[in-house]
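Have the viewer open while you read.

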Amino acid sequence: MTVFHFFNCAILTFGPHAVYYSATPLSEYDTLGTSVKAAVVYLATALVKLVCLATFLKVSESDSFDPYQEFLKALIGFIDVAGLYFALTQLTHRNISQNHKFQAVGLGWAFADSVLHRLAPLWVGARGLEFTWEYILQGLEANANLVLSISLAGLGSLMWLRKNKPKTLIPIIYLSAVIVATMPSITSYLRRGLGWHLPKVVGFELFTSLVMAFISWQLFAACQRPSA
């Protein structure tokens, strides 16, 4: 039963990444190399973030919400944006369209995040003797992160690669990118500041990821329309 529970949680956590790759044109255009490169950039970015967190943040004795510490975390979190910028603009990619490029980068980014932050807890915890919803919720959280990562990569693609975008949409693009990039700080406030339990936080993440994906899709579609 414990092994069955582990495999269920693992499929829920990592399966959507494989499904997304197989069910979209990414597999047809062989963008796996782009996703792998993005995953490597994510790991390097995570290392830089870890060093910055260890350098600038103090160890808190309580689990309460500290606005100053969370503000520093949010600033350090923008290192992810710099990493995505590098992955989208500086890495050499195969001759693929901008549409496929940001999806492949976002997919690799999200998969590396899930492996780094969820694989070890899943391996240790989900094989325990007692059933717990925690790792199922963790899998749902990984799905929300997948959607948010692809949305942020899409917004980054509009910011850095799309030159002829409508000027009226530029503030909306940047505002949407800031919202997605600060989602970890927002969920941290909900947990520590407002005392939300994990199911409620995960529900918020899933809802927000769908909303931001819809907004990103609409912005991308609007920027692809020929100007009048």
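Predicted model: local features only at pLDDT ≥ 70, side-chain atom pairs only at ≥ 80, totals over all residues.

Residues are numbered from 1 along each chain as its sequence is written, and side-chain values use heavy atoms, with hydrogens and water left out.

**Cores**

Let's start inside. A nonpolar core here is a set of buried Ala, Val, Leu, Ile, Met, Phe, Trp, Tyr and Cys residues joined through side-chain atoms within 4.5 Å; buried means under 20% relative accessible area, exposed over 50%, and partly exposed in between (1.4 Å probe, protein chains only). The largest such core has 39 residues, and Leu 84 and Ile 173 have the most contacts inside it. At least two residues each come from α2 (32–56), α4 (79–89), α5 (98–125), α6 (134–160), α7 (170–181) and α9 (198–224), with α6 giving the largest share, nine residues. Helices are DSSP runs (H or I, at least four residues), numbered from the N terminus.

Not counting residues up to four places away in sequence, Leu 84 touches Val 105, Trp 109, Leu 152, Ala 153 and Trp 160, where contact means heavy atoms within 4.5 Å. Thr 45, in helix α2, is buried at 7% relative accessible area.

**Salt bridges**

The structure holds five salt bridges, each a side-chain nitrogen of Lys or Arg within 4 Å of a carboxyl oxygen of Asp or Glu. Three of them are listed here.

| Pair | N to O distance |
|---|---|
| Lys 73 and Glu 70 | 3.6 Å |
| Asp 113 and Arg 118 | 3.0 Å |
| Glu 141 and Arg 191 | 2.8 Å |

Glu 141 sits in helix α6 and Arg 191 in helix α8 (residues 183–193), so this pair ties together parts that are 50 residues apart in sequence. Glu 141 is buried at 15%, whereas Arg 191 is partly exposed at 35% relative accessibility. Both Asp 113 and Arg 118 are buried.

Lys 73 and Glu 70 both lie in helix α3 (residues 67–77), three residues apart, or about one turn. Together with Arg 192, they form a salt-bridge network.

**Surface**

Val 3, Phe 7 and Ile 11 make a nonpolar surface patch of about 310 Å². Patch residues have over 30% relative accessible area and no salt bridge; like charges are joined within 9 Å, nonpolar side chains (Val, Leu, Ile, Met, Phe, Trp, Tyr) within 5 Å. Areas come from the Shrake-Rupley method with a 1.4 Å probe, and for residues only the protein chains shown count as cover.
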